Amino acid sequence: MKCEWVQENIVLYVYNELADDARYELEQHLGRCPECAAELKATRAFQATVSNRQVQEPSPNLMASSRMRLQEALETTPQGGFWNRLTFDPASWLRQISFSPALAAVIFIIGVAAGIGAMYKMMPSNTGPDAKIVEPITQPAIAESSITGIGSVVQEPGSNQVRIKYFTSKTEEAQGSLNDQRIQQLLLFAARNNYNSGVRMDSVDLLTQKPDQKGVREALIYALRYDTNPGVRLKAIEGLGAFVKDDVRVRDVVLQALMTDNNQGVRTQALLLLEPVKADGTVRAALQHLAETDQNQYIRSQARTVLAQLPEID
């Protein structure tokens with residue numbers, strides 16, 4: 001057994017992730033190799049230091065961003081390679097699992113999720129006359145971590161009432177006005193975390209009616225910056241329009257959309273919203289760049305038009 005292999009797998013040894021035969025060989029090597037023994041001592045010291053530190057929960061924005069990126073990756077990654085390796089070379093996957101605690105943890109999480117999904121399918125439907133209606137006034141705020149998804153968002157015609165179907169271990173339903181904290185909480189969750197672009201669009205559309213509420217503007221900023229659906233981004237930018245002049249964060253995200261969004265409708269709306277702040281140095285520089293180099297003829301022309309209305313800088 002070579003020192004290089006021992007040092008690569010010593011972390012697995014410390015966390016008891018090595019197979020019995022590999023563990024025995026590694027221990028025999030440690031007994032006759034001072035350098036690898038020193039490496040083991042340092043690794044255990046590091047483990048002790050890390051274990052004593054308090055684990056911090058990831059922020060909601062990080063969780064939502066990670067879920068969105070995972071969704072986008074799942075939608076674009078070819079699946080054939082994985083199944084071919086799993087079908088025709090199972091031994092390689094077994095080796096990877098035994099020597100990779102991270103991979104084993106991922107597979108374990110997937111298995112737990114699949115079990116929850118199977119349990120959910122076996123449970124009786126909760127969408128009929130006996131569906132649970134959660135009254136926002138009497139029920140406490142729900143933990144975002146307990147929600148697995150949002151099924152639908154529907155506003156009652158001609159009223160301020162919203163009906164939201166959401167999933168935990170079963171389908172539940174909440175009903176209330178846009179002023180209800182519970183309804184706002186579910187809308188914010190749906191706008192940032194749901195895999196259904198139609199639900200995200202409905203949620204963002206409703207949130208634009210309350211852009212001054214706590215957390216709503218941040219959700220709209222997030223949707224404009226990260227959502228993969230151009231319709232959702234367009235709804236978000238429309239809701240942010242009134243704040244471009246007074247909120248630098250909004251101005252920055254709208255400017256970013258103008259410069260980098262791949263949808264012409266979103267870019268056009270961003271250009272219109274930035275016109276009241278066209279004299280801002282950052283906005284002016286961006287418009288000059290677009291007027292000279294942008295590949296979209298309409299954007300290039302509109303940028304030149306806006307710049308022509310600005311006074312010359314001495």
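Helix axes here are lines fitted to C-alpha atoms over the stretch in contact, and angles run from 0 to 180 degrees between N-to-C directions. Helices are DSSP runs (H or I, at least four residues), numbered from the N terminus. The model is predicted: local features need pLDDT of at least 70, side-chain atom pairs count only at pLDDT 80 or more, and totals for chains, interfaces and linings use all residues. Residues are numbered from 1 along each chain as its sequence is written, and side-chain values use heavy atoms, with hydrogens and water left out.

Start with helix α10 (residues 216–226) and α12. Their axes lie 10 Å apart, at an angle of about 15°. The pair is therefore roughly parallel, the class for angles under 35 degrees; over 145 is roughly antiparallel, 65 to 115 roughly perpendicular, and the rest oblique. The crossing of α10 and α12 is left-handed, meaning that the near helix is turned anticlockwise from the far one by less than a right angle. On the α10 side, Arg 217, Glu 218, Ile 221, Leu 224 and Arg 225 make the contact; α12 supplies Arg 249, Val 250, Val 253, Val 254, Gln 256 and Ala 257. Contact means heavy atoms within 4.5 Å. By class, these residues are six nonpolar, one polar and four charged. Ala, Val, Leu, Ile, Met, Phe, Trp, Tyr, Cys and Pro count as nonpolar; Asp, Glu, Lys and Arg count as charged; the others, Gly among them, are polar.

Helix α12 (residues 248–260) also packs on helix α13 (residues 264–274). Their axes come within 8 Å and cross at roughly 135°. That makes α12 oblique to α13. This crossing, too, is left-handed. From α12 come Arg 251, Val 254, Leu 255, Ala 257, Leu 258 and Met 259; they meet Val 266, Arg 267, Ala 270, Leu 271, Leu 273 and Leu 274 of α13. The contact holds 10 nonpolar, no polar and two charged residues.

Next come helix α14 (residues 281–293) and helix α15 (residues 297–308). Their axes cross at roughly 135° and come within 8 Å. The two are therefore oblique to each other, and their crossing is left-handed. Arg 284, Leu 287, Gln 288, Leu 290 and Ala 291 of α14 meet Ile 299, Arg 300, Ala 303, Arg 304, Val 306 and Leu 307 of α15. Seven of these residues are nonpolar, one is polar and three are charged.

A cavity is a set of points, on a 1 Å grid over the protein atoms alone, where a 1.4 Å probe fits but cannot get out; lining residues have an atom within 4 Å of a point. The largest cavity is lined by Leu 178, Gln 184, Leu 187, Leu 206, Leu 207, Lys 210 and Val 216. Helices α8 (181–193) and α9 (197–207) each give two or more residues to that lining. The lining has five nonpolar, one polar and one charged residues.

Methods. On a 1 Å grid over the protein atoms alone, a cavity is a set of points where a 1.4 Å probe fits but cannot get out, and a pocket is an open set with protein on both sides within 12 Å along at least five of seven lines; lining residues have an atom within 4 Å of a point.
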